Amino acid sequence: MDTLRAKSKQAVVLWLKGFKEACCLHRVVVFCFRSKQLAIRTGQCFLLNGFIFLGSIFVLNSLVIPTLQWILPYQCQQFGLQDPCSIGLTSKVYFVLRFGLVRFFYIFWFYPLYLLSFVLSNIWYSDIAEHAYVAIGRDGSADDLLNQKDLSKSQDSVHLDKPAGIGGTILGFGERIYSVLLLSVFFVQILAAGFIPYIGKALAFVFNSWMYAYYSFEYKWNLDELGLDKRLDIFESHWAFFAGFGSPCILACYIFPPLVSYGVMALLFPLFVLTATGSNAEQVLDSQRRTWSNEGLGRLPVFYLADTLLMRVLSYFFEKLQLRQEEKKET
């Protein structure tokens with residue numbers, strides 16, 4: 001019981017440390033002052049996702065829909081008609097017109113804008129992380145530079161395992177593809193967890209926090225050239241910290257409807273990419289590890305289910321591909 005209480009306390013402390021680290025948004029201002037390109041990219045994200053996307057939703061809900069309701073009203077008393085049959089027919093026609101015009105707005109504006117925002121934002125997030133990384137290396141403080149040196153030392157064993165030249169490039173490309181597939185399966189796991197009675201929403205919240213924390217740090221890990229095994233080891237060994245780091249973004253998204261929550265997430269996510277890129281996570285985790293006399297919480301296999309399902313699916317497809325190749329050789 002004492003061990004469980006100590007572990008629970010460590011988990012809460014690390015969660016709070018991660019939450020606090022994610023809320024260090026002052027780094028965004030510092031990095032934007034250091035890099036003009038970073039300020040431009042961040043401004044473009046705010047313009048597209050904040051002013052245009054969320055602004056369009058605001059215009060739709062505050063201006064377009066109320067205007068349609070005024071021109072094509074719901075209540076039959078506003079028609080000024082005495083015949084109940086004509087009132088019912090007019091009400092149905094007005095309903096179809098309102099519904100059709102709103103759908104027209106969604107199909108020809110919101111959905112194309114959503115796709116454009118999704119594509120451009122993913123490109124810009126990578127640029128934002130790279131510019132922030134350069135800003136840290138050029139004008140970073142002594143503590144930041146020491147942390148990067150410590151981190152590079154911890155990566156030596158990873159780089160030694162990677163082949164040099166084109167082999168290492170192919171391996172890195174394969175790891176990126178597998179990482180995308182892994183997170184896609186993990187997203188399906190999140191959707192499935194939401195249907196579990198009683199605890200489904202809580203589980204989905206924790207899983208979403210982990211997913212967005214991983215996304216936030218993945219840009220930094222790509223720039224640090226960390227292998228996939230090393231990333232998963234870091235993430236799953238400090239699962240409480242990363243659950244706390246991803247919570248602020250998810251809390252903001254859970255407040256709003258789905259389409260608005262996407263706009264809010266797309267607006268806030270580059271801020272968390274910047275805080276993750278300039279994060280002193282390694283220093284925070286090392287200090288906590290020295291504070292506790294034991295080895296910490298231990299590794300939690302966060303991606304075990306997603307990894308197992310993905311490996312089985314890939315094995316199935318590879319087996320089918322081999323069978324087809326053998327059949328072609330025989331024929």
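1. UniProt positions are quoted in the numbering used here, with feature names shortened, and such annotations may be inferred rather than shown by experiment. The unreviewed UniProt entry annotates residues 46-65, 104-125 and 180-200 as "transmembrane region".

2. This is a predicted model, in which local features need pLDDT of at least 70 and side-chain atom pairs count only at pLDDT 80 or more, whereas totals for chains, interfaces and linings use all residues. Residues are numbered from 1 along each chain as its sequence is written, and side-chain values use heavy atoms, with hydrogens and water left out.

3. Residues 46-65 are 100% helix and 0% strand, with their end C-alpha atoms 25 Å apart; residues 104-125 are likewise 100% helix and 0% strand, and there the end C-alpha atoms are 31 Å apart. Helices are DSSP runs of H or I with at least four residues, strands are runs of E with at least two, and both are numbered from the N terminus.

4. Leaving aside residues up to four places away in sequence, Phe-235 touches several others (heavy atoms within 4.5 Å), among them Trp-210, Tyr-214 and Phe-303.

5. With a disulfide taken as a pair of cysteine sulfur atoms within 2.5 Å, the count is zero. Cys-24 is buried (under 20% relative accessible area, with exposed over 50% and partly exposed in between, using a 1.4 Å probe and protein chains only) at 14%, and Cys-249 is buried at 3%.
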